[in-house]
Structure formats: C-alpha cells, structure tokens
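Keep the sequence beside the coordinates as you read.

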Amino acid sequence: LHAVYRGDAGRLAAWAAELEPPSQDTYFFNILDTHDGIGLMGVKEILPPEELAFIVDSAESRGALISLKTMEGGGQEPYEINSTWWGAVNGQGSGEELPLQVARYLASRAVALSLKGVPGVYMHGALGSDNDLETFRHTQHKRDVNRATIDLEELERESQRPDSRLAVLAPRLRHLQLTRVTQPAFHPQGTQSVLPGPKEVLALLRTSPEGN
C-alpha cells in the first residue's frame, strides 16, 4: 500500500530482498487484506513513523476508517485500516477511469501473488468490493466496512454487464491467479531474488525448486 501511494517500490523491494523464512519447512502467508481490514503493526518495524502516518492519511483521504489502540503509558496509535483493498487503493468516487483503477489494483495484487510463500486473497479482495459504509453507519463497527453480505444473484448480474467493474476485473485477476498456480517457479520452495530497477518497479526473479 505504501508503494502504491508513493509510486515508489524502493522500500518494498529492500524489504523483499531480506525476506527469509525461519526454516525450510515454513512458508510466509502473503495477504493484502482480511475480514478485519489492513493491519499496520507489522510495518512499524519496516517504515519510519512519518511514512506510517503517510499511509494512514492517504487511506483516510480515500474514505478508509482507522482503528486505534492504546499504547503503554497512554496515548493512542493506529493499528488497522478498515477498508476493502479496492477502497484503500482506489478510493470511492474518484472519477478516474475504470481501466486505470483496475490496472492499479491488479499491480498491487500481483505483489502478493508473486512473492515467495503462499498467497491468500480475501473474498472482497477477489471481487474488488467497495466499502460497505451503509452497514458501518448502522452498526458503528469499523470492521463492518469490509464484511458486506455477498448477494450471488447481484454478482451474477454484474458479471454479465461488460462495462461493470467485476466484468473487467475478474478475468484479469483470474489470469494472475492461474499463472501463480501453474508456473513451477512460484512453488513455495522455489527461490526468489529482487532485481535492480527503477523505483517504480518491483521486479522479482523466481526459480522453481528444480532450478528452472
């Protein structure tokens, strides 16, 4: 999310270059979002406070909610962004053209699908759902913005409309996911190296366990 907001993958690439599982029998579970939202605690050891604040401010400007936790000795700090991944990356009502929003979304999804480990995609992440602000206004539970009830009949209707977000997003995301599960280089026991490149690019070289 930081790389998307900054348009700079430098810190992400540096972190990925140092990524090593604790044992040969352990794999990272690579996720972007969950039913709770987007956690912030893990990045505290990676980004300085001003960059963490930048993430929070950028997410809020796109309509996200922020959950706080009480620190030792008093005071509060952000610990979770409550938003769908689509909402966090693209915001709602931005006026941007759909192809640009889908491309940005897929670029961020491709990171978690490409990194060494096992990827996971939350249902609303797979669907590119908007924030469910109506439910939040009713319940006042911030996590509810990313827990909307899924109506299968409505999904079917949306998928049949060629100009809908789902119709544009779904086949391209499916292509990424099929590539991830069919290419041996993405096996969790394969190797990974980060290639040098411009700041806007995160380039990974993945190699299968057989060395292909």
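Helix α8 (residues 152-160) packs against α9 at an angle of about 85°, and their axes lie 6 Å apart. Axes here are lines fitted to C-alpha atoms, for helices over the stretch in contact, and angles run from 0 to 180 degrees between N-to-C directions. The two helices, α8 and α9, are therefore roughly perpendicular to each other. Angles of 65 to 115 degrees count as roughly perpendicular, those under 35 as roughly parallel, those over 145 as roughly antiparallel, and the rest as oblique. Helices (H or I, at least four residues) and strands (E, at least two) are DSSP runs, numbered from the N terminus.

This is a predicted model, in which local features need pLDDT of at least 70 and side-chain atom pairs count only at pLDDT 80 or more, while totals for chains, interfaces and linings use all residues. Residues are numbered from 1 along each chain as its sequence is written, and side-chain values use heavy atoms, with hydrogens and water left out.

Which residues bring α8 and α9 together? From α8 come L155, E158 and S159; from α9 come R165, L166 and A167. Contact means heavy atoms within 4.5 Å. The residues of this contact of α8 with α9 divide into three nonpolar, one polar and two charged. Ala, Val, Leu, Ile, Met, Phe, Trp, Tyr, Cys and Pro count as nonpolar, Asp, Glu, Lys and Arg as charged, and the others, Gly among them, as polar.

Helix α9 (residues 165-182) also packs with α5 (residues 98-114). Here the angle is about 25°, and the axes are 10 Å apart. That makes α5 roughly parallel to α9. The crossing of α5 past α9 is right-handed. A crossing is right-handed if the near helix is turned clockwise from the far one by less than a right angle, and left-handed if anticlockwise. On the α5 side, the contact uses L98, V102, Y105, L106, R109, A110 and L113. On the α9 side, it uses R165, V168, L169, R172, L173, L176, Q177 and R180. The residues of this contact of α5 with α9 divide into 10 nonpolar, one polar and four charged.

Stay with α5. Q101 lies in this helix. Q101 is buried, with a relative accessible area of 10%. Buried means under 20% relative accessible area, exposed over 50%, partly exposed in between (1.4 Å probe, protein chains only). Beyond its neighbours within four places in sequence, Q101 contacts W86, N90, S94 and E96. A107 is also placed in α5. At 47% relative accessibility, A107 counts as partly exposed. A107 and L202 are 95 residues apart along the chain, yet their C-alpha atoms are separated by 9.9 Å.

Now turn to W85, in helix α4 (residues 85-90). Is W85 buried or exposed? W85 is buried, at 3% relative accessibility. Leaving aside neighbours within four places in sequence, W85 is in contact with L1, L32, D33, I38, Y105, S108 and R109. Two of those names, Y105 and R109, also belong to the contact of α5 with α9.

Next, the loop between β1 (29-30) and β2 (38-39), where D36 is placed. D36 is buried, with a relative accessible area of 17%. Its side chain makes a polar contact of 3.3 Å with the side chain of H35. A second polar contact, of 2.5 Å, joins the side chains of D36 and R147. A polar contact is a pair of N or O atoms within 3.5 Å; within protein, one must be able to donate a hydrogen and the other to accept it, and residues adjacent in sequence count only if both atoms are side-chain atoms. Leaving aside neighbours within four places in sequence, D36 contacts E80, I81, N82, R143 and R147.

Strand β2 holds G39. At 60% relative accessibility, G39 counts as exposed.

One backbone detail remains. Most residues other than glycine have a negative phi. Q140 has a positive phi of about 65° although it is not a glycine. Q140 sits in the loop between α7 (133-139) and α8. At 52% relative accessibility, Q140 counts as exposed.
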